[in-house]
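Here is a walk through one protein chain, from its overall layout down to single residues. Keep the sequence and the 3D view side by side as you read.

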Amino acid sequence: MAFVINPSEGENGSGGGGSDRTPRPDVREGKKLVWSAGCNWGTSQAGNTKIGVRFVVVDDPADGTDIRGYVWETFTLTQTAAWKLQSMARAVGQKEPWDAEDQDETNSVIGHAPVWVNITHEEGSDGVVRPRIDGSFTAYAGELTEAMEKVVEEAEEHHKSANQAKSSSAPPMPAAPSIKDEDIPF
């Protein structure tokens with residue numbers, strides 16, 4: 001039996017759910033409380049360090065139906081884009097400067113606490129409309145509930161397993177050619 005994903009279906013647009021879970025909801029526009037479920041580090045097309053953050057909705061003041069939905073945000077480590085990560089750091093209560101290129105420290109700052117965001121929808125270059133954070137992050141002053149923590153724990157596990165599956169499906173690196181001393185011309 002095949003495991004089929006249909007990206008055109010609205011019910012699972014923000015991520016799959018197994019047969020034992022309800023599908024992840026699409027994240028609608030509006031104010032949401034989100035918490036980092038994991039970070040993926042990489043390099044932008046321009047050669048800059050970028051951090052793709054999977055946020056999970058832990059509170060939806062409108063009616064609660066967006067809880068467990070995912071929205072991605074990218075932070076690029078350049079002087080002109082630093083304002084966004086700085087805004088995020090302020091919202092989670094980070095007071096001291098830190099080396100943003102230190103992955104563990106930056107992941108810790110980003111995942112320290114939930115933050116309020118405004119979600120808009122944007123059409124990507126592939127024609128798919130996705131939720132996105134409008135760039136502003138606001139501190140959450142409420143109580144952290146067990147329900148919120150459970151949603152984040154589940155999302156962190158999903159993030160880890162998705163990354164493991166992605167890395168295990170990558171083609172293996174070709175073996176390095178063996179070179180003998182007599183092959184070196186000098």
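Start with the fold. This is a predicted model. The protein has 3 helices and 6 strands. Read from the N terminus, the order of elements is β-β-β-α-α-β-β-β-α. The chain counts 186 residues, and 30% of them are buried. Take the contacts between residues at least 6 apart in sequence: 55% of these join residues at least 24 apart. The accessible surface comes to about 12000 Å². Carbon and sulfur atoms account for 51% of that surface.

Now turn to helix H1. H1 spans residues 82-91. Its buried residues are Lys84, Leu85, Ser87, Met88, Ala89 and Ala91. What covers them? The cover includes strands S2 and S3, helix H2, strand S4 (115-123) and strand S6 (138-139). After H1 comes Gly93, with a positive phi near 90°.

Ala89 lies in H1. Is Ala89 buried or exposed? Its relative accessible area is 4%, and the cut-off for buried is under 20%, so Ala89 counts as buried. Set aside its neighbours within four places in sequence. Ala89 is then in contact with Gln94, Trp98 and Val109. Ala113 is 24 residues away from Ala89 in sequence. In space, their C-alpha atoms are 9.8 Å apart.

Next, move to helix H2, residues 103-110. Asp104 sits in this helix. Asp104 is exposed, with a relative accessible area of 63%. Which residues make up the patch of negative charge on the surface? Asp104 is one of them, together with Asp99, Glu101, Asp102 and Glu105.

The charges elsewhere pair up. Side chains of opposite charge can pair when their charged atoms come close. How many salt bridges does the structure hold? There are 11.

Begin with Lys32 and Asp66. Their closest N and O atoms are 2.7 Å apart.

Arg132 forms a salt bridge with Glu122, and the closest N and O atoms are 2.8 Å apart. Arg132 belongs to strand S5 (residues 129-133) and Glu122 to strand S4. The two are 10 residues apart, and the pair again links distant parts of the chain. Arg132 is partly exposed, at a relative accessible area of 29%. Glu122 is partly exposed as well, at 43%.

Glu157 and Lys160 both lie in helix H3 (residues 146-168). They are 3 residues apart, about one turn of the helix. Their side chains meet in a salt bridge, at 4.0 Å from N to O. Lys160 is partly exposed, with a relative accessible area of 47%. Salt bridges that share partners join Arg28, Lys32, Asp60, Asp63 and Asp66.

Where is Arg68 found? Arg68 is in the loop between strand S2 (49-59) and strand S3 (70-76). Arg68 has a positive phi of about 90°, although it is not a glycine. Most residues other than glycine have a negative phi. Is Arg68 buried or exposed? Its relative accessible area is 13%, so Arg68 falls under the 20% cut-off and is buried.

Definitions and conventions
Residues are numbered from 1 along each chain as its sequence is written. This is a predicted model: local features need pLDDT of at least 70, side-chain atom pairs count only at pLDDT 80 or more; totals for chains, interfaces and linings use all residues. Side-chain values use heavy atoms; hydrogens and water are left out. Helices (H or I, at least four residues) and strands (E, at least two) are DSSP runs, numbered from the N terminus. Buried means under 20% relative accessible area, exposed over 50%, partly exposed in between (1.4 Å probe, protein chains only). Patches are made of residues with over 30% relative accessible area and no salt bridge: like charges are joined within 9 Å, nonpolar side chains (Val, Leu, Ile, Met, Phe, Trp, Tyr) within 5 Å. Accessible areas come from the Shrake-Rupley method with a 1.4 Å probe; for residues, only the protein chains shown count as cover. Lys and Arg count as positive and Asp and Glu as negative; His and the chain ends are not counted. The place of a charge is taken as NZ of Lys, CZ of Arg, CG of Asp or CD of Glu. Contact means heavy atoms within 4.5 Å.
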